[in-house]
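Open the model in your viewer and keep the selection tool at hand. This tour goes stop by stop, saying what to select and what is there.

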Amino acid sequence: MARRGAAALALALALLAVVLAGVGAQGAALQAPDYYVQETWSREPYYARRQPEPEPFSPPLPAGTRDGEREPRPPEPRPPKKATKPKKAPKRDKLAQETPPPGKNSNRKGVRTKSSEKAASDDHSVPVARVDVREGCPPLGLETLKITDFQLHASTSKRYGLGAHRGRLNIQAGINENDFYDGAWCAGRNDLHQWIEVDARRLTKFTGVITQGRNSLWLSDWVTSYKVMVSNDSHTWVTVKNGSGDMIFEGNSEKEIPVLNELPVPMVARYIRINPRSWFDNGSICMRMEILGCPLPDPNNYYHRRNEMTTTDDLDFKHHNYKEMRQLMKVVNEMCPNITRIYNIGKSHQGLKLYAVEISDHPGEHEVGEPEFHYIAGAHGNEVLGRELTLLLMQFLCQEYLAHNARIVHLVEETRIHILPSLNPDGYEKAYEGGSELGGWSLGRWTHDGIDINNNFPDLNTLLWEAEDRKNIARKVPNHYIAIPEWFLSENATVAVETRAVIAWMEKIPFVLGGNLQGGELVVAYPYDMVRSLWKTQEPSPTPDDHVFRWLAYSYASTHRLMTDARRRVCHTEDFQKEDGTVNGASWHTVAGSLNDFSYLHTNCFELSIYVGCDKYPHESELPEEWENNRESLIVFMEQVHRGIKGVVRDFHGKGIPSAVISVEGVNHDIRTASDGDYWRLLNPGEYVVTAKAEGFTSSTKNCMVGYDMGATQCDFTLSKTNLARIREIMEKFGKQPISLPARRLKLRGRKRRQRG
């Protein structure tokens, strides 16, 4: 019996040891971050679960009292007298206590509210990881659309157009606000039970919240204070504390200026929820927002690895102020002195030089037969992405040329490229002070004297169209090289000095093709930008070269990673997928005096507006991905300058004829030769009847074939002088003037009359 009892005791001890080992292993697994991530991803999606009833934040209000009046903004209101205590979560649902690597700091200097640095202990039933080291984290991507519509949820909404998916920072409402594209998330009821929630889909260290009111021309709706809650499973929530009570964050005082609130202590969780506590007295609960947070490393999750964007280019991915931009240009010039040149085209209103970089195998000179191309960025100072893309492009071209990349070497040797990164440096400096998240939609858009450069050029469309409508009157306005009106050239005209500098630059250099990079949308717009009908604000307004412009626009959009992606969400209100990421400017919105229209009607240059991103001023952590989105498009668009025909118009002595007119049969738009007699005419593949003519010369016509292969077709002309021109040349050579027969007849008649008298 003793032996049997001892054996039973030994067996019991062994079983106890196995149980304890299993518990210990489970605890170790729970502490491992990878185990937690796998556990959360094994659950049902948020929208597939039954929604719990909103937790009451305050007792019922007395009759006739507004909900928002119960909890005024700071000083801190008293917490609800009796709140439902959440159930204790199982240990496996605890939020992972992991410190992520530091995130990139953004230049955020705009409106913010100060949060208390002292954080009280949370509800002990739901432990939340806190990180003591304060590190700047980038936006999660509500504005850049990295956060999809399926990751945004709300308690209620007034209608679909005001749903949670519209609660993105800086989102713009359509012209008709009562449609699918309104300017914020708006709750269906105005009470303290409303919320909007973001599912980060992975553990994230949340550090701050940025809010705006509703974008609307007619209504004034914004939230003046709110609470912030985090959760691991979207069922049990922890409210950010301040001392012993829930922390109330100060919201907005108007609808457009973003307000940043940093959390007193960073919170690690998967979900974050904003619960409005008060709102504008005459408005409703409406808000747009962005969440600041650092996603934690998640190497075991295929979904995130598949969607991560990396770049192998060793470039300077950061935002550059004016001084840093100038320094970067100098570095590129020192790296590639044989193919680069720095120059300026003038000064801004504040006296900042408008620097440009030329990239060519013979910088500083125009080579006969080599086309000129330009990129302009920063006409709107707050549209920063285009500025940084051009700075990245000049670095890339220099590096690849030195690395003997055959494609880049050919482009540089056969093209004279000009890059003007910042046309409005005064406006940029304002936007730079606000930072990438707090600048709002328009801070820094205009010049220092309040002018929108993009719409500040002379309206030549009206002059052309009025002349075309007067069919019975002799045509005085040509279909190209239309002269600038005298009133525009006067000193009293409302014209920015930056605009005058660009006009002088474009008149001096015979540009063939150009792109001006803008922001806030993802589309390529081509001229005309102005409607022909006076009573309309939108209508298609094609140029005589509409087919060429469509191809040029499509060449950029089709090689961009997102522009022609039918699955992507629209930036604000317009869906440009029906035209493959391109749009005629006037059919989008009419603009008089645009750079595109002026360039087409006053010079030889075909100019397009390229909107490179939904976010005008993305966080610098987004720059590598934006570069990958646009890199191929930037190069392909430059290569289009070699499409069509090119040649030289000479006289019988082989000398180039400047300002000779090149006409294409069936296209009511001509171009002119440069000072050396060379020209470039952008055309799509096909056979064309081309005529060259110049004053004092007989015209010449020939057939020119444009193929599908890259490279313009050579189509030269030799013109002979007219008989009258030869007579004048001979008489001038010998110091005499040609005889004017009508004048001589009048002189003889007068002599005869005098003789008779």
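**Stop 1: a buried asparagine**

Select Asn170: it is buried, with a relative accessible area of 4%. Buried means under 20% relative accessible area, exposed means over 50%, and partly exposed lies in between (1.4 Å probe, protein chains only). This is a predicted model, in which local features need pLDDT of at least 70, side-chain atom pairs count only at pLDDT 80 or more, and totals for chains, interfaces and linings use all residues. Residues are numbered from 1 along each chain as its sequence is written, and side-chain values use heavy atoms, with hydrogens and water left out.

Now look at the backbone of Asn170. Its phi is positive, about 70°, although Asn170 is not a glycine. Asn170 lies in the loop between strand 3 and strand 4. Helices (H or I, at least four residues) and strands (E, at least two) are DSSP runs, numbered from the N terminus.

**Stop 2: Phe180**

Stay in the loop between strand 3 (152-154) and strand 4 (185-186), and select Phe180. Is Phe180 buried or exposed? Phe180 counts as exposed, at 55% relative accessibility. Leaving aside neighbours within four places in sequence, Phe180 is in contact with Tyr160, Gly161 and Arg166. Contact means heavy atoms within 4.5 Å.

**Stop 3: the whole protein**

Zoom out. The protein has 16 helices and 28 strands. Of its 757 residues, 54% are buried. Take the contacts between residues at least 6 apart in sequence: 78% of them join residues at least 24 apart. The accessible surface comes to about 35,700 Å², and 52% of this belongs to carbon and sulfur atoms. Accessible areas come from the Shrake-Rupley method with a 1.4 Å probe; for residues, only the protein chains shown count as cover.

**Stop 4: helix 5 against helix 14**

Select residues 384-402, helix 5, and residues 623-639, helix 14. At what angle do helix 5 and helix 14 pack? The angle is about 70°, and the axes are 10 Å apart. That makes helix 5 roughly perpendicular to helix 14. Axes are lines fitted to C-alpha atoms, for helices over the stretch in contact, and angles run from 0 to 180 degrees between N-to-C directions. Angles under 35 degrees count as roughly parallel, over 145 as roughly antiparallel, 65 to 115 as roughly perpendicular and the rest as oblique.

The crossing of helix 5 and helix 14 is right-handed. A crossing is right-handed if the near helix is turned clockwise from the far one by less than a right angle, and left-handed if anticlockwise.

Show the side chains where the helices meet. Helix 5 brings Leu385, Glu388, Leu389, Leu392, Leu393, Phe396 and Leu397. Helix 14 brings Leu623, Glu626, Trp627, Asn630, Arg631, Leu634, Ile635 and Met638. By class, this contact of helix 5 with helix 14 has 11 nonpolar, 1 polar and 3 charged residues. Ala, Val, Leu, Ile, Met, Phe, Trp, Tyr, Cys and Pro count as nonpolar, Asp, Glu, Lys and Arg as charged, and the others, Gly among them, as polar.

**Stop 5: His404 and helix 6**

Go to His404, in the loop between helix 5 and helix 6. His404 is exposed, with a relative accessible area of 67%. Its phi is positive, near 65°, in a residue other than glycine.

Next, select helix 6, residues 406-414. Helix 6 and helix 14 pack at about 40°, with their axes 11 Å apart. That makes helix 6 oblique to helix 14. The crossing of helix 6 and helix 14 is left-handed. Here Arg407, Ile408 and Leu411 of helix 6 meet Glu632, Ile635, Val636, Met638 and Glu639 of helix 14. The contact of helix 6 with helix 14 has 5 nonpolar, no polar and 3 charged residues.

**Stop 6: helix 7 and beyond**

Select helix 7, residues 425-434. Helix 7 is mostly covered, with 7 of its 10 residues buried. The buried residues of helix 7 pack against helix 4 (322-335), strand 14 (353-359), helix 5 and helix 10 (497-508). Gly435 follows helix 7, with a positive phi near 95°.

Finish at Tyr528, in the loop between strand 18 (521-526) and helix 11 (546-557). The peptide bond from Pro527 to Tyr528 is cis, with omega near 5°.
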